[in-house]
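Hello,

Here is the structure I promised to pass on to you. Have a look at it first, and my notes on what turned up follow below.

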Amino acid sequence: MSEHKRLGFVRKYIFSTDHKIIGIQFLFSSLIFMAFGGLLAMLMRWQLGWPGAALPWMEKVAPAGMPGGVMVPEYYNMLFTMHGSVMIFFGVIPILAGAFGNYLIPLKVGAPDMAFPRLNMLSYWLFPIAAATVLAGFFVEGGAAASGWTAYPPLSGLKETMGPGQTLWAAGVVVLGFSSILGAVNYVATVINHRAPGMSFHRLPISIWALFTTAVLTLLATPVLAAAMILLLLDRSLGTSFFLPAGMIVDGNLLPHAGGQAILWQHLFWFYSHPAVYIMILPAMGFVSDILPTFSRKPIFGYHAIAYSAVAIGAVGFLVWAHHMFQSGMNPTLGTTFMISTMVVAVPTGVKVFSWLGTLWRGSIRLTTPMLHALGFISMFIIGGLTGIFLASTPVDMYFHDTYFVVGHIHYVLFGGSLFGAFAGITFWFPKMFGRRMNEPWGKIHFWLTFLFFNCVMFPMFSLGLGGMPRRIYDYTQYPGLVHFAGLNRMMSMAAFCLMASQLLFAFNFLYSLFRGKKAGENPWEATTLEWETPSPPPHGNFAKTPVVLRGPYEFSVPGRERDWQLQTEED
Amino acid sequence: MLLPEGASTIAPEVDRLFWIILWITGFFFFLVQGCLLLFVLKYHSRGGQKAAYVHGNAMVEVVWTVVPAVILLLLTVASQKVWAQIRSPRPITPGMIQVEVLAEQFAWNVRYPGPDGQFDTSDDITTINQLHLPVGRPALVRIRSKDVIHSFFVPQFRIKQDAVPGLPTQVWLEPTKAGEYELRCAELCGLGHYRMRGYVTTEPEEQFQKWLTETKANE
Ligand code: HEM
Ligand SMILES: [Cu+2]
Ligand SMILES: [Cu+2]
């Protein structure tokens, strides 16, 4: 122990190899990136609510993008591209896998640290480098990447159509891929090799099953993304033609490319990015599966079903990528295949939802802030999942593909799902991380405001999709058939501003509680898993002595016992 | 609020699937949200009751795995029927009208083969952003792109098909109703994506022929 105490500030808090500090670094960074991504969305909502209206002070911030405060179409395209990229690559993935994966895995399996602490530090430091590379696009000639977070070539692959910002984007994503892979190697090794005595796989908390599955997905899928990005970079900079076919005419010039295939990119991209959507939801499902039993004071309903459904979702999730490509020109028979696999993946998803309901049933429910977020997660995720069924049906997808219906779907799964899951996780583990509790009444108000405004912004998107409004359009009033959506769009924008403003309450609660919150003690929620048996915050090395695990993770309300929770190491 | 009125032979089929899925998902939506609310109210700890010590129930777990699986299987079968009808290649019949739509940043070039029925001959008829189709006659729309990916989307036809450079695609459709519709580009194609708008006019055969002749004369 004494050896650890001698570390200076820099080694202890900046270039730390302690998994807890690294987790907290990921947490802070990703929260900041998400706030930034949110601000980009506010600008988009401004343009959608009041197309062409001036925002004079924005001229100072973005003179080229908003001359005189009026947004130009190129800038709008940059905004949604960077919003999506920042939220997915630098917000949701790092907060779920990076922050919670790092913080929770060693604590919950009973290990003193990750298997490879130095690799872990590298994984963190690659992440701000990746983000800086992508965001540097805003400062180069022609501005940031503007071909969507999906970056379909030829649009993204040609110098003629996308400037150097797109190159930076692709390079940054490759660097982020390295970061993810290093993290994932660590998680897999730690879960397999560093479990405490008695911690069999079937005694692991569901959050660990989820983070473990996520890590395996990351390891298998990310190299494919990196390969795609590198081919795109080659097409852009060395004049190769991996994704670029012959005969393209841009601005009246016949381009010299030949032999490439535009939709090859889509296969490679979605081969990563569909598993990535599970990378973004499985951990959140895991947190909810830890939180529900704790605040229902009841064992989780169907532990094995929930654990194996995570694995099933991960496995089948590798076979559904082309459901993003039903209308891409790919062979329609392939469409059938991917419709079948997509319907299959909905089954384990349903099992999880029903099992959560089963956990609540006959519980003794405590409506704390983390519990509210967990319940909000279930309620919103259902909408996301059910709307996925429309999209899985190839003929119905033909109508909804690339409309606002898809935008609604992704926000119900990613904001309603992943982000409520992250809020649940933060409010639940905050006392462990910082030794202090967050303010409950503020937390609850923040939850209700977020829940309300989120639905006001996102639910109408299904209506817009039904009306055939395409996504990624700067000014929908160009279509006379969409002008009647003006009122709705304006309402959504106002709700979006309120949604963003509500997050200030969270930020304030977070920062205030960091310094002034009530002291938490070891186990403020009366929970059962290993992290609640060490001081808050846990010391370097985590456990004073290696825990010996005697039972499963959710032993609540065991008959004949005085207390309604039984720690994983507690003698009978 | 709801789908715009359909104007092609496949629209009712797609709409029917949409409604079936809406009813099914609507049922599960209310079931799950209802249970969630009910359980939270009913089992709230303020009653001070102790939670049940239950780890699961094999029977219900099998039911809630198998029932959705069967429903999803049926949905897949129903969807596949419509999908096959929409997408499987059809022979070119004499009554079928052929038209080529060539997308470019940021316009739709429309071309008809003219009286000889052959493309790339001197009697081809071309227009920009104007697609006319006769009602009640099957049409084969050949979709191509000059530069980046675009997407041919006519909401009232319930049809969407990407226009991919280097990969010609096609759709079959048969308008059922005379009217004017918007052709919306549905795939991000650059800064003018939002204004890549075309117009589709469906009209009776005689009017269509008249339009073709006039367009040719004005070329
Ligand atoms: C029952 C489960 C689900 C089904 C059946 C499903 C189905 C689909 C389908 C078919 C699409 C393609 C739509 C189109 O572009 O035409 C899609 C898009 C998408 N889904 Fe899901 N989905 C499910 C759950 C999820 C989850 C859990 C997430 C993430 C947490 C997710 C994230 C996304 C995203 C990000 C896109 C859009 C990507 C883009 O084009 O930008 N989905 N989903
Ligand atoms: Cu997907
Ligand atoms: Cu276009």
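**The interface between the chains**

Together, chain A and chain B bury about 7,500 Å², and carbon and sulfur atoms give 69% of that area. Buried area here is the accessible area (1.4 Å probe) that two parts lose on being put together, summed over both. On the chain A side, Phe354(A), Met398(A) and Tyr479(A) lose the most area to chain B, together 10% of what that side buries. The contact involves 95 residues of chain A and 79 residues of chain B, where contact means heavy atoms within 4.5 Å.

Before you read on, please note that this is a predicted model, in which local features need pLDDT of at least 70 and side-chain atom pairs count only at pLDDT 80 or more, while totals for chains, interfaces and linings use all residues. Residues are numbered from 1 along each chain as its sequence is written, chains are lettered from A and ligands numbered from 1 in the order in which they are written, and side-chain values use heavy atoms, with hydrogens and water left out.

**Around ligand 1**

The shell around ligand 1 has 21 residues, and Asp397(A), His401(A), His409(A), Ile410(A) and Arg471(A) come nearest; a residue belongs there if one of its heavy atoms lies within 4 Å of the ligand. By type, the shell divides into 12 nonpolar, 7 polar and 2 charged residues.

- The side chain of Asp397(A) has an N or O atom 2.4 Å from an oxygen atom of ligand 1.
- His409(A) places a polar side-chain atom 2.9 Å from a nitrogen atom of ligand 1.
- Arg471(A) has a polar side-chain atom 2.9 Å from an oxygen atom of ligand 1.

Helix 9 (262-279), helix 12 (332-360), helix 13 (369-392) and helix 15 (404-434) of chain A each supply at least two residues of this shell. Helices (H or I, at least four residues) and strands (E, at least two) are DSSP runs, numbered from the N terminus.

**Backbone points to check**

Most residues other than glycine have a negative phi, and most peptide bonds are trans. Arg297(A), however, has a positive phi near 55°. Arg297(A) sits in the loop between helix 10 (282-296) and helix 11 (303-316) of chain A and is buried, at 1% relative accessible area. Buried means under 20%, exposed over 50%, and partly exposed in between (1.4 Å probe, protein chains only). Asp402(A) also has a positive phi, about 60°; Asp402(A) lies in the loop between helix 14 (394-400) and helix 15 of chain A and is buried at 4%.

As for cis peptide bonds, one runs from Ser536(A) to Pro537(A), with omega near -10°. Another joins Gln105(B) and Phe106(B), with omega about 0°, and Phe106(B) is in the loop between strand 1 (97-104) and strand 2 (107-112) of chain B.

Best wishes

Notes. A polar contact is a pair of N or O atoms within 3.5 Å; within protein, one must be able to donate a hydrogen and the other to accept it, and residues adjacent in sequence count only if both atoms are side-chain atoms. Ala, Val, Leu, Ile, Met, Phe, Trp, Tyr, Cys and Pro count as nonpolar, Asp, Glu, Lys and Arg as charged, and the others, Gly among them, as polar.
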